[in-house]
Amino acid sequence: VKRPLEPESVRDARQLMLPLFCAERAWAFAMQLKRENTQQEARPHYHLLARLAKAAEWSAKLAALCAERADQRTDLEAKAYSAFMHGNVALERENWAPALASFKSTATICTELARVTMAEQAALYKQVAAEVEPSIRFCSYNLRRLGGEEVSDETDAMGDDVDGLAGASDILRSKLEQVLAETRAKQAESLTEVVVLGERIPLRTDKTRLGYSAVQQALLEVQRCEEGGGKEAGDKADKGDDLLALYDKLFVACNDALDSVRLELRETKKREQSAKSGAAEASLLTLQAALLWQKLHHTARRNLLLLGRLREGKGPAGSRKRATPEDLVRLYDAVLATLDEMRSLHGYKENEALMGQLAARSAVAKAHRCYWVAESYGAVSKWREAEALYERAAALLSEAE
């Protein structure tokens, strides 16, 4: 017969591990169900809630045992753990007020413990407090929204970048993804047309509107990161890595938007030809060119960022392999190929101002390419060829000015 673990029967610290292991087992199973239930089916979700509730129940038993049999520090740690488990149950059920109270309790206990403990243990407490902070903000956001209060831009922007919440739980991530999808759908509903090169282009289908809205959001994130993104001066390497990740995210959004535009373009061509369908096809071609322009423009900027990192001795994935002049020349070739592709885009090639800017960018890229080719010749003592290429690089820079 299984005997319940009562406070008076606890004589060894290892006995406290029993409710802890049971809580962790139930929690781990819940997280497995969360990740596997990608289609948001009802039955796995009820099973998930049952396992979360079981984890909270075991954590409460652990806190009760520690309150009578453990020292003060362990008692507080168990209370923080139990509050975290109960907060996650409430969060999954979208009971925002109880979830907020539980997460705040966890954050308060861990913050105070960090203040009065040694440095090594304090770092662990601070980590836990930082992990529950996104959950606190998310619950506060939903309570404001349900209460009819105006949500500030700072709070509303918490859903803009789900990938940036490195310390967020899987439950919080799924909730944020739902909020982000709803926000983008609302933005797409109000986005009925865009202006490209002074021409108003209507967005006729929901898929095209959602795709274009995602591109605009990705562009905004890139711009924020380029302008500083909250990084301090000593975090330039991290900023470069973040910017590369945001560029990849932008290219995915551009590809998705381009796919939706091309699909709409194919459907338009299948219809009976008329003046109206001809105008629709022309506007879609212009929209496709605008998306390609943004993608190619930022592809060139990404390659230039990689060039700067290589010159600083930072290779891919943070490696310190020193770049050779040939490596840099290949990247400049990629930049020039991208700029040449931009010149041929429908609607843009007729714009003299943009073509002039592209010519200047190409001249600068060619000058740098000549410089690094000259460096490679100098490395093998071909001084005459190197001198000619240095002169050509100077001439190209003068031409760009």
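Reader: Which residues of α4 are buried?
Author: In this predicted model, the buried residues of α4 are Trp-96, Ala-99, Leu-100, Ser-102, Phe-103, Thr-106, Ala-107, Ile-109, Cys-110, Leu-113 and Ala-114.

Reader: What span should helix α4 have, and how far apart are its end C-alpha atoms?
Author: Helix α4 covers residues 96-116, which is 21 residues, and at 1.5 Å a residue it should span 30 Å. Its end C-alpha atoms lie 31 Å apart, which agrees with that expectation.

Reader: Let me step back to the chain as a whole. How many helices and strands does the protein chain have?
Author: The protein chain has 13 helices and 2 strands.

Reader: And what percentage of the residues is buried?
Author: Of the 401 residues in the protein chain, 40% are buried.

Reader: What about contacts between residues 24 or more positions apart?
Author: Among the contacts in the protein chain with a separation of 6 or more, 62% are between residues 24 or more positions apart.

Reader: How does α2 pack with α3, then?
Author: Helix α2 (residues 42-69) and helix α3 (residues 72-92) pack at about 160 degrees, with their axes 8 Å apart. The two helices, α2 and α3, are therefore roughly antiparallel to each other. The crossing in which α2 passes α3 is left-handed. The residues of the contact of α2 with α3 divide into 15 nonpolar, 6 polar and 3 charged.

Reader: One last topic: where is Ser-376 found?
Author: Ser-376 is found in helix α12, which comprises residues 352-379.

Reader: Does Ser-376 count as buried or exposed, and why?
Author: Ser-376 counts as buried because its relative accessibility is 18%, and the cut-off for buried is under 20%.

Reader: What is Ser-376 in contact with, leaving aside its neighbours within four places in sequence?
Author: With those neighbours set aside, Ser-376 is in contact with Pro-325 and Glu-326.

Technical notes. Residues numbered from 1 in each chain as written. Predicted model: local features only at pLDDT ≥ 70, side-chain atom pairs only at ≥ 80, totals over all residues. Heavy atoms only, no water. Axes fitted to C-alpha atoms, helices over the stretch in contact; angles between N-to-C directions. Helix = DSSP H or I, 4+ residues; strand = E, 2+ residues; numbered from the N terminus. Parallel < 35°, antiparallel > 145°, perpendicular 65-115°, else oblique. Left-handed = near helix turned anticlockwise from the far one by under 90°. Nonpolar A, V, L, I, M, F, W, Y, C, P; charged D, E, K, R; others polar. Expected span 1.5 Å × (residues − 1). Buried < 20%, exposed > 50% of the residue type's maximum accessible area, 1.4 Å probe, protein only. Contact = heavy atoms within 4.5 Å.
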